[in-house]
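Trainee: Before we go through the model, I would like to know which rule stands behind each term.
Mentor: Then we take the terms one at a time.

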Amino acid sequence: MKIIYTDVLIVGGGLAGLRVATGVRERGHDAVILTLVPPKRSHSAAAQGGMQASLANCKMGEGDNEDVHFSDTIKGSDWGADQMVARMFTHCAPKAIRELAHWGVPWSRVNRGDHTSIINAKKVTITEKDEAHGLITARDFGGTKKWRTCYTSDGTGHSMLYAMDNKAHEDNVEIHERLEAISIIHENGRCCGAIARNLMSGELVAYVAKATTIATGGYGRIYSVSTNAIICQGMGQAIALETGVATLGNMEAIQFHPTAIVPVGILTTEGCRGDGGLLLDKDGYRFMPDYEPDKKELASRDVVSRRMTEHMRKGKGVKSRYGDHLWLDITILGREHIEKNLREVKEICENFLGIDPAVDWIPVRPTQHYSMGGIRTKYTGESQTLKGLYSCGEAACWDMHGFNRLGGNSVSETVVSGMLVAEYISDFLESSDSDISIETKNVEKFLKIEQDKIDALLTKEHGEDAYKLRRRMEEIMMEKVGIFRNGDDLKEAVTELEELLKRSKNIEVFRSKSRAANPALVNAYRTQKMIKVALTVAYGALLRTESRGAHSREDFPKRDDANWLKRTIMNWENESDTMPTVSYEEIPIDSMELPPGFRGYGKDLTQHHTDTKVRQEVVDKIKSELESKGANRFEIQNELMPFLDKLPKKYRATNERFGENV
Amino acid sequence: MSENRVLKISILRFDPHDPEDFPHMETFEIEEADGMTLFVALNEIREHHDNSLKFDFVCRAGICGSCSMLVNGRPTLACRTLTKKLDEHITLAPLPLFELIGDLSIYTGKWMRGLNERLETWIHDKENELQVDKLEEKMEPELADEIYELDRCVECGCCVAGCGTIQMKPDFVGAVGLNKVARYHLDPRDTRSDEEYYELIGDEDGVFGCMTLLGCEDVCPKDLPLQSKIAYLRRMMIKTALKN
């Protein structure tokens with residue numbers, strides 16, 4: 001048996017995992033990253049649009065600060081987010097972006113003087129200040145009050161990921177490529193590492209570590225059409241769930257992005273609409289102003305996706321052999337803008353649709369895009385129930401997104417949570433609390449269990465075909481756990497998924513029997529895990545009898561704060577169970593900085609909690625008292641919901657901001 | 001409507017972990033579908049014809065650079081190759097020069113990591129300490145755009161597979177390496193001197209090894225300006241050499 005010992009094991013080499021690795025390395029700890037693919041090929045690279053950070057450098061970002069970013073994020077989450085975590089995040093986002101600038105990301109910059117932009121289908125001249133020339137600029141994105149989304153032309157995620165991976169090289173982070181974590185080693189409520197399978201040789205390796213971090217991204221591929229890379233299969237969430245100790249939060253919170261191309265589901269960035277692109281129906285009619293007169297195409301993602309679906313249901317979609325779709329029109333932005341700032345979109349249109357987006361409209365429809373749910377953690381990134389297991393980025397439910405994430409907040413979360421969690425892990429490692437004493441024979445037990453499972457898959461006869469089970473799971477998720485949900489469909493989905501799970505215990509790997517590189521074997525064991533993840537999503541959605549953010553129930557259209565201001569917590573108690581066990585975590589109103597309110601889309605259907613009014617009065621009173629005393633925004637914020645003491649000391653200082661304190 | 005074509009896809013297959021296997025061509029027939037890419041076609045083969053077929057896709061959107069292979073002998077990204085642009089008989093082979101994992105799957109990660117470590121492709125800045133609370137350093141907007149142009153490389157390895165020089169000099173850094181040096185040289189945040197860059201690539205395995213066949217630029221899926229950057233580096237290196 002091969003055992004590799006390290007201080008910090010990191011599963012996943014995308015932005016979040018790399019940022020944790022460099023952070024713990026700089027504190028003097030060893031780190032090993034396990035990754036399915038070279039880190040530079042992680043799904044983080046696909047984030048075209050940008051990273052939110054309230055720098056307020058560009059003209060349309062003037063007046064922006066942490067408070068505005070915080071309020072946008074909480075409203076976007078439909079009050080499902082952890083407000084303290086969102087505060088920590090908005091405070092650190094400017095630091096993270098400046099750090100990345102230092103490490104080489106060529107952020108697009110403010111250019112002094114006039115430039116034209118398209119706002120609400122009209123050409124507008126914007127004049128940038130002389131003094132801001134050369135600072136990091138930003139573009140508009142949905143659901144934000146200010147232009148806050150910083151970017152590098154059309155390849156933000158790519159540039160960030162390359163800078164981060166290069167930094168990891170510099171810091172001598174060990175990267176074990178094509179190694180897949182397939183189970184977590186744990187005993188007595190303490191995580192001690194993971195069992196990994198080498199995808200080239202098939203060898204099983206035990207990694208023993210004082211802290212283990214899961215940063216494997218989302219679980220979009222449980223749906224048949226998703227914008228996610230094909231490796232985003234929820235394996236991180238699955239192995240955490242399979243410990244029976246760690247829990248998953250809000251798995252039913254799934255975001256659908258309004259504009260993926262039809263039929264292949266590749267994303268065209270929100271930057272298309274942020275820069276002035278329009279959504280049109282089969283008659284070439286711009287329909288969004290009818291539904292959302294204020295925000296129009298730039299309403300929050302969940303809202304735009306629902307409005308598009310509603311409009312198609314009225315017969316206004318464009319018919320195609322792949323089902324109905326709508327049009328995204330960016331021709332009004334002009335060729336020069338498209339070829340510079342939306343080049344990735346242009347390449348995608350040329351290569352996958354054979355069209356020129358400077359001339360032609362793009363066929364789009366809402367498609368699965370982001371997993372707000374994930375491994376439930378404390379604000380430190382540590383699992384609430386399994387000591388020594390950490391998670392961050394999309395893999396985690398940290399929980400700054402609640403039931404709907406804002407565009408531009410995902411890559412931002414990866415690097416911010418990565419830099420913070422690295423510090424908390426380092427503090428943990430430097431305390432005596434981090435000692436582990438697992439015996440090698442116990443490590444071997446975990447390895448043996450995995451070896452036996454693989455043997456069973458390869459030797460079973462007359463078993464089930466993993467591809468068939470997986471395709472059926474994907475269809476169920478698409479048809480019954482989609483943008484609009486209802487009790488009957490969800491009940492059917494849960495029943496059928498449970499049936500698939502039982503059948504998946506009998507999977508046989510047909511013909512392809514190699515123990516080394518073997519895609520059929522990989523598909524077999526991942527399918528077993530994916531069905532479990534799908535069950536947590538469908539079951540959570542069935543039980544949540546309200547509509548909140550991206551979770552929209554036709555039979556329960558109201559947001560029900562009185563009964564549902566809480567997180568869904570899933571755990572898998574016994575290996576032989578065929579259903580997850582569910583519990584709930586209350587989201588306390590009495591400590592909120594921003595008590596629940598109306599997001600400002602459509603009709604206000606909220607059923608308020610009785611505590612909301614009480615808290616709102618307290619908040620109003622504190623604000624008016626302090627304001628009358630001339631207190632500044634930091635002092636008021638600190639009185640409402642102190643958070644700075646939770647941050648690592650090195651990240652507590654006030655951010656310099658152009659136009660505010662510089 | 002006209003009938004769909006039947007594609008004959010011939011794949012160079014070999015499993016280095018199987019002592020009895022040897023490299024051989026195997027042909028699969030599948031019905032072409034509307035908008036079919038090689039990503040779709042290969043997955044269909046794996047799911048319905050041979051589940052042991054090995055290949056690498058990640059983003060399947062032409063962004064990540066995982067799926068480079070020889071399509072009818074030419075290095076390119078398979079995911080964004082539409083079958084309708086090809087004849088009905090298609091030949092696929094793994095990129096040469098990289099370690100083979102099996103069939104069309106290659107170990108580019110190891111090669112690229114070695115290159116990045118060798119050329120130290122990160123910002124070298126010993127003078128300015130990072131202060132995350134302070135306003136960022138300013139940069140000319142055009143310069144940021146220029147750096148991004150070169151930063152767009154996806155390390156797919158197509159330029160390496162299309163390089164004549166590397167066939168003879170296995171330690172040659174290739175266009176991918178030279179482009180990276182050009183990228184950092186352009187970046188004022190990297191304080192390495194011309195002499196330090198000369199140490200990295202001022203030899204036969206670096207910029208003077210290139211035989212200027214420029215297959216790299218022909219096959220680069222991101223249309224990077226490799227030719228002009230190699231020429232630029234050469235001039236710069238000669239200047240540095242003469243100066244010393």
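Mentor: A polar contact is a pair of N or O atoms within 3.5 Å; within protein, one must be able to donate a hydrogen and the other to accept it, and residues adjacent in sequence count only if both atoms are side-chain atoms. The model is predicted: local features need pLDDT of at least 70, side-chain atom pairs count only at pLDDT 80 or more, and totals for chains, interfaces and linings use all residues. Residues are numbered from 1 along each chain as its sequence is written, chains are lettered from A and ligands numbered from 1 in the order in which they are written, and side-chain values use heavy atoms, with hydrogens and water left out.

Trainee: What makes the pair A:Glu450 and A:Lys453 a polar contact?
Mentor: Their side chains are joined at 3.1 Å, and the limit is 3.5 Å.

Trainee: Why is A:Glu450 called buried?
Mentor: Buried means under 20% relative accessible area, exposed over 50%, partly exposed in between (1.4 Å probe, protein chains only). A:Glu450 has 5%, so it is buried.

Trainee: Which residues does A:Glu450 contact, leaving aside its neighbours within four places in sequence?
Mentor: With contact meaning heavy atoms within 4.5 Å, they are A:Ile182, A:Ser183, A:Ile195 and A:Leu204. A:Glu450 itself sits in helix H12 (residues 440-459) of chain A; helices (H or I, at least four residues) and strands (E, at least two) are DSSP runs, numbered from the N terminus.

Trainee: How do you know that strands E1 and E5 of chain B pair?
Mentor: Two strands pair if DSSP finds at least two bridges between them. Four bridges join E1 (residues 6-13) to E5 (residues 89-93) in chain B, so the two strands pair, and they run parallel. B:Ile9 has B:Ile90 as its bridge partner in E5(B).

Trainee: What makes E2 and E4 of chain B edge strands?
Mentor: The open sheet has the order E2-E1-E5-E3-E4 in chain B, with mixed pairing. Strand E2 (24-31) and strand E4 (74-77) of chain B each pair on one side only.

Trainee: How do you know that E13 and E14 of chain A pair?
Mentor: Three bridges link E13 (residues 278-280) and E14 (residues 326-329) of chain A in the antiparallel sense, against the required at least two. A:Leu278 stands opposite A:Asp329 in E14(A).

Trainee: How many bridges link E14(A) with E15 of chain A?
Mentor: Three, again antiparallel, with E15 spanning residues 362-371. A:Leu328 stands opposite A:Ile362 in E15(A).
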